[in-house]
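The following note sets out points for the colleague who has the model at hand.

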Amino acid sequence: MNRVLVIDQDRATREALGLACLGRNVAVAFAENVCEGVRTLLSLPVSLIVVDAASLRMTIREHVALFDRVAPGIPVVVSVPAETPLELRVRFEIAGFRVLTRPVTVEDLLDKPIQPR
């Protein structure tokens with residue numbers, strides 16, 4: 001894995017995951033929101049996208065289309081709070097996203113292979 005893009009509004013969460021990735025020799029790019037993340041994707045190659053579900057403002061289908069256009073074939077992990085309803089988690093998974101409960105650890109990302117959408 002070359003570089004992970006972390007899209008999360010919470011600075012502490014971004015930094016904790018970023019430092020853990022760097023500790024495992026994985027480069028990290030950060031974005032506070034999806035718009036900033038798209039700009040990053042257009043300028044930097046990444047091998048994984050981790051996005052906080054709270055950052056997603058469009059429908060799941062619209063996000064799938066967006067990520068497919070700007071980062072085709074790049075796996076996307078959506079982090080959700082533990083109390084997220086099962087129905088929403090399943091909708092993300094059906095759309096091709098891997099769903100992880102917050103806080104996401106670098107081991108969650110690296111120890112289990114993530115398949116491209």
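1. The count of disulfides, defined as pairs of cysteine sulfur atoms within 2.5 Å, comes to zero. Cys 21 counts as buried at 1% relative accessibility, whereas Cys 35 counts as exposed at 54%. Buried means under 20% relative accessible area, exposed over 50% and partly exposed in between (1.4 Å probe, protein chains only).

2. The model is predicted: local features need pLDDT of at least 70, side-chain atom pairs count only at pLDDT 80 or more, and totals for chains, interfaces and linings use all residues. Residues are numbered from 1 along each chain as its sequence is written, and side-chain values use heavy atoms, with hydrogens and water left out.

3. In strand S1 (residues 3-7), four of the five residues are buried. S1 runs parallel to strand S2 (residues 27-31), to which five bridges join it, and Val 4 stands opposite Val 28. With strand S3 (residues 48-52), S1 pairs in the parallel sense over four bridges; here Ile 7 faces Val 51. Pairing requires at least two DSSP bridges between two strands. Strands (E, at least two residues) and helices (H or I, at least four) are DSSP runs, numbered from the N terminus.

4. The whole structure holds two aromatic pairs. Phe 67 and Phe 97 are edge-to-face, at 6.3 Å centre to centre and 90 degrees between the planes. Rings of Phe, Tyr and Trp (its six-membered ring) pair if their centres lie within 6.5 Å; planes under 30 degrees apart count as stacked, over 60 as edge-to-face and the rest as tilted.
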